[in-house]
Amino acid sequence: MVFNTGSALLDAIVLAIVSKDEEGTYGYKITQEVRTVIELSESTLYPVLRRLQKDECLEVYDKEHAGRNRRYYKITEKGCAMLKMYYTEWHSYSKKVTYLFEEGRIHG
Amino acid sequence: MDKQQFLAELKQLLGDIPAVERDEALEYYEDYFEDAGVENESTILKELESPEKIAFMIKAGLRDSDKSIGEFTETGFSGYGPAYKDEVANTIPNSDDRGFTTRRDGKGMSLLLIILLVLAAPIWVPVAFGLLAALFGISLAVFAWIFAIAIAGIGCIVVGAIILIVGVPGIFTLPAGGILITGLGLLTIGIGILLTMAGTALILKAVPAVLKLIAKLIGAVISKFSLYRKGRVEV
């Protein structure tokens, strides 16, 4: 992608992905899903998840899977509120940028 | 390097962070390898680059999260990461203070404002003049309208009286026509009285109201300016 993804946007994307699953989801799956939207190296995601967990936007729990414990991430109430705020911000921001582009001379 | 070596090296590299953090991170990456599956192990190892890079990112994340405690508070969304925020805070002194309550900002702002006002004089002087003229014109137009209503009322009374003078003698010569004309005269006088009353009431009410409004506007501008000057005097 030609555009940089700031830490706020990455937080928002991660929160959105985790919030999709009521049961929560796990690190590998989150990475794969984030990658459908933006380029991301795995080394970037873990610190983000850890920080969101410390900020109480995500909570973790372990669940048995294929004979071992897998760590699941689940969105908290605070995380939901955060996601909502990000969504509002993004909505108005992207609308303004889109409007500007459409006004610009891109129609040839 | 295989998965086991990778994790062992990572563990060693994370030797200087709290045990909780180290265990968390190692668990995460173990999970990651497991979930990716044995068949993807080499791809994952390539993607993860090196234990050094992972360790570096984890440590950077720890420093960041320490710094960013309380960043996302009720004041809302800053739009920037902690690093950028620090940068802004460093380049703009007292960027959190508002107005001229602090010595530094007060001076900086007043000087800036004066320079701005002087530089912008070619723009704001004509604009201010234009606005003032427009205000004056609109007020005058309103007054004129009200005045016209009152004058029309008086005119109606006069015309009605003349019609009455013509009509009343007519009753005796041509009763039907005379009564009609007299009636018209009375009607005109009635309309005239109503218009005059309306005009007078408007003049009595509207004129002081408009004058009050103008006085308030001027007062507001002056008080704002003097408040601003007071702020300057205090520093």
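Q: How many residues of chain B are in contact with chain A?
A: This is a predicted model. In it, the two chains touch, with 22 residues of chain A taking part on one side.

Q: Which helix supplies the largest share of the side of chain B that touches chain A?
A: Two helices of chain B, H2 (19-36) and H4 (51-67), each give at least two residues to this side. Nine residues make up the largest share, and they come from H2(B).

Q: How many residues of the side of chain B that touches chain A are nonpolar?
A: Sorted by class, this side holds nine charged and four polar residues. The nonpolar residues number eleven.

Q: In what order do the elements of chain A run from the N terminus on?
A: Chain A contains four helices and three strands. Read from the N terminus, their order is α-β-α-α-β-β-α.

Q: Which residues of H2(A) make the contact with H1(A)?
A: The contact of H1(A) with H2(A) divides into six nonpolar residues, one charged residue and no polar ones. H1(A) contributes A:Ile13, A:Val14, A:Ile17 and A:Val18. From H2(A) come A:Ile30, A:Glu33 and A:Val34.

Methods:
Residues are numbered from 1 along each chain as its sequence is written. Chains are lettered from A and ligands numbered from 1 in the order in which they are written. This is a predicted model: local features need pLDDT of at least 70, side-chain atom pairs count only at pLDDT 80 or more; totals for chains, interfaces and linings use all residues. Two residues are in contact if their C-beta atoms, placed from the backbone, lie within 7 Å. Ala, Val, Leu, Ile, Met, Phe, Trp, Tyr, Cys and Pro count as nonpolar, Asp, Glu, Lys and Arg as charged, and the others, Gly among them, as polar.
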